[in-house]
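Please walk through this model with the sequence and the 3D view side by side.

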Amino acid sequence: MPISKTEEGRLTEVTEEMIDQLDVYLVDISFWKIVQKLIYAPFYLPWVLVVAIIFPEKPAYFIHSSFISMLLDPLFLCIPLINEKTKCLVLDRKLMIAALILRVVTDLRYVVKIGSKIKKWWRRSSKKIGITSNVVAILPIPQVVILVFLPNMRGSGSLTVMKFLNSLIFFQYLQRVYPIYRYCKNLNKEMHDKSSSTRAWIPSLVNLLIYLLASYVLGTFWYFFSIQREIDCWEYACQSEKGCEFSIHCDANTSRNITLLHTSCPINPPNATAFDFGIFLYALQSGMQESTNLPQKFLLCFSWGLRNLSSFASNLDTSNYGWETLFVVAISISGLILFIYFLGHVQTFMQVAGKSERSRQKLKKILGSKVESMLLEYGSPADVKVLKESVNYVVKKKYLEDPDLVLENMFSIFTFKHKVDDQLLQGELNTIRQTLFLEKLKKLDFSGLHMNEMVLKEICKHLDPVIYPKGSYIIRKGEPLDMMFFITQGIALSYTIDHSMTTKRLEKGECYGEVLLSWAATATTSFSDLPNAPSTVKAHKNVELFALQAADLQSVLSQPSSSHSSNEQLPHSTDSKVQQSVLSQLRDILIKPGWLTLG
């Protein structure tokens, strides 16, 4: 039926709309949905911790709770405060209580996980317990070091022990961060495998968050070390005076020469000759070691960490203090690694995004001609929308399966690398078949068979496209004829080895196996009397065809919904007319489209 200019323009607009909507298929997580989740994150945090405690074996919840733990653990480093007037150390009581409670809550997930592993091992369902890392992660190292050992330090020997304990705090923190590292590693691998342009930015976002968290953590360590550096200065000053008893806690009943400490440890203004505070001078001059204003303290620590992590600590001037130099080296290496890691994922995202855009343009070019041609051939203005939605959905699924998809013909839409188990996808494929063929099947003359729409829809489901490469056998003589087919592209040869029949050339528009119509319409039919193939059919060139299997045809026609009598048979005298009528009309349906090409 000829298509008017108005209808053709409408079909073109529908095709362009379908092409534009392909971008939606590449987006499985909306950017604005991610932003919304980040805004609501503070309200989700308590529930994430609760779920992680109840279900510690669920990796997703455990990883999310690890991010929360990464934020909360550095609170211990901010508990110590310095009273500059009396030159002594005090503890922030409110922050101490909050940090202890939050630490207990975040450690519960490890405790439950350890209990679960011991239970499995006890029941002999697991050969190894594997709880060492979890036990190390919940050891009360920061509680003991900061709340017990640090306030009660006496003598220079305790400062040496404190340096060792600092390393324990740091390494335990790495142990608690390790699950996040494994998660990022697996996430990066997964995203590389899927090669989706939108998914590719998710690892970049996660690595950016880790970069920001690392800045915050390094900033809190910088604050903690600055307090220890001032305590080092007190100990150094005390050594220069006889009878000086070194003690740092404000509650200690010891005499303290405040004037000596102010002179030996000048901060405002500094005196590097008397004592060089190095990179910790700014922390001491800011006065945050005296402040209990947590937001201001955290913001200052974060800004310092971010600035120096981003510059690889190149702007830091260190003193000759060894531990300070090691800390700066750690910042430089960490900044370099995290920056390279983050930059690598950004580069990967750009490459995948560019590749996806090129693929989209390539697909757009194909859809602009092939799909539009298909719609013009098959889709009337009434069913264009249904056909567009179904093709859209199938293209999405095929794109997820094969990013380099090329739509050559309808075979490209119906063929998948794996078995289609998705009921929704199968339903969309059936919708495409019904939209393309149902109205035309209704016009067929199935003489003697009263077909209702349900039966015709079932027949549509079983019209399967098949491709036979050049030289392959489609049917062999003498074998049961288990299908009838219509050639839509290519050339096949029908022949017998004993030359009892003349070799026949089967081309586009011709059918083979039409005797199955009489066989399937017979109520008493069975596979024991399935007709044998009278000749061998071989693909002379690549052959594309629509095949209707004998079992499918028999199954459809034998269903009660077909509404023809079970005792009704096709009269033998009308077999030839029925076959010719059906075959002629099916040939017009299946062979007509000009968009089926071998490419």
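Predicted model: local features only at pLDDT ≥ 70, side-chain atom pairs only at ≥ 80, totals over all residues.

Residues are numbered from 1 along each chain as its sequence is written, and side-chain values use heavy atoms, with hydrogens and water left out.

Start with the cysteines. A disulfide is a covalent bond between the sulfur atoms of two cysteines. Here it is called when a pair of cysteine sulfur atoms lies within 2.5 Å. By this rule the count is 2 disulfides.

One of them joins cysteine 88 to cysteine 250, with an S to S distance of 1.8 Å. The link of cysteine 88 and cysteine 250 is right-handed, with 90 degrees about the S-S bond. This pair links distant parts of the chain, 162 residues apart. Cysteine 88 sits in strand S2 (residues 88-91), and cysteine 250 in the loop between helix H9 (201-239) and helix H10 (258-264). Helices (H or I, at least four residues) and strands (E, at least two) are DSSP runs, numbered from the N terminus. Are the two ends buried or exposed? Cysteine 88 is buried, at 2% relative accessible area. Cysteine 250 is partly exposed, at 26%. The cut-offs are these: buried means under 20% relative accessible area, exposed over 50%, and partly exposed in between (1.4 Å probe, protein chains only).

The other bond pairs cysteine 233 with cysteine 265, their sulfur atoms 1.8 Å apart. With -110 degrees about the S-S bond, the link of cysteine 233 and cysteine 265 is left-handed. Cysteine 233 lies in helix H9 and cysteine 265 in the loop between H10 and helix H11 (281-285), so the pair ties together parts that are 32 residues apart in sequence. Cysteine 233 is buried, at 0% relative accessibility. Cysteine 265 is buried too, at 2%.

Now look at cysteine 78. Cysteine 78 is buried, with a relative accessible area of 0%. Cysteine 301 is in no disulfide. Cysteine 301 also counts as buried, at 0% relative accessibility.

Turn to the backbone. A cis peptide bond joins asparagine 268 and proline 269, with omega about 0 degrees. Proline 269 is in the loop between H10 and H11.

Alanine 313 has a positive phi of about 60 degrees, although it is not a glycine. Find alanine 313 in the loop between helix H12 (294-310) and helix H13 (322-378). Alanine 313 is buried, at 6% relative accessibility. Histidine 499 also has a positive phi of about 60 degrees and is not a glycine. Histidine 499 is in the loop between strand S6 (492-495) and strand S7 (504-506). Histidine 499 is exposed, with a relative accessible area of 67%.

Helix H5 (residues 93-122) and helix H7 (residues 141-149) pack at about 165 degrees, with their axes 11 Å apart. Axes are lines fitted to C-alpha atoms, for helices over the stretch in contact, and angles run from 0 to 180 degrees between N-to-C directions. H5 and H7 are therefore roughly antiparallel to each other (an angle over 145 degrees). The contact, meaning heavy atoms within 4.5 Å, is made by Met96, Leu100 and Arg103 of H5 and Pro142, Gln143 and Leu147 of H7.

Definitions and conventions: Parallel < 35°, antiparallel > 145°, perpendicular 65-115°, else oblique.
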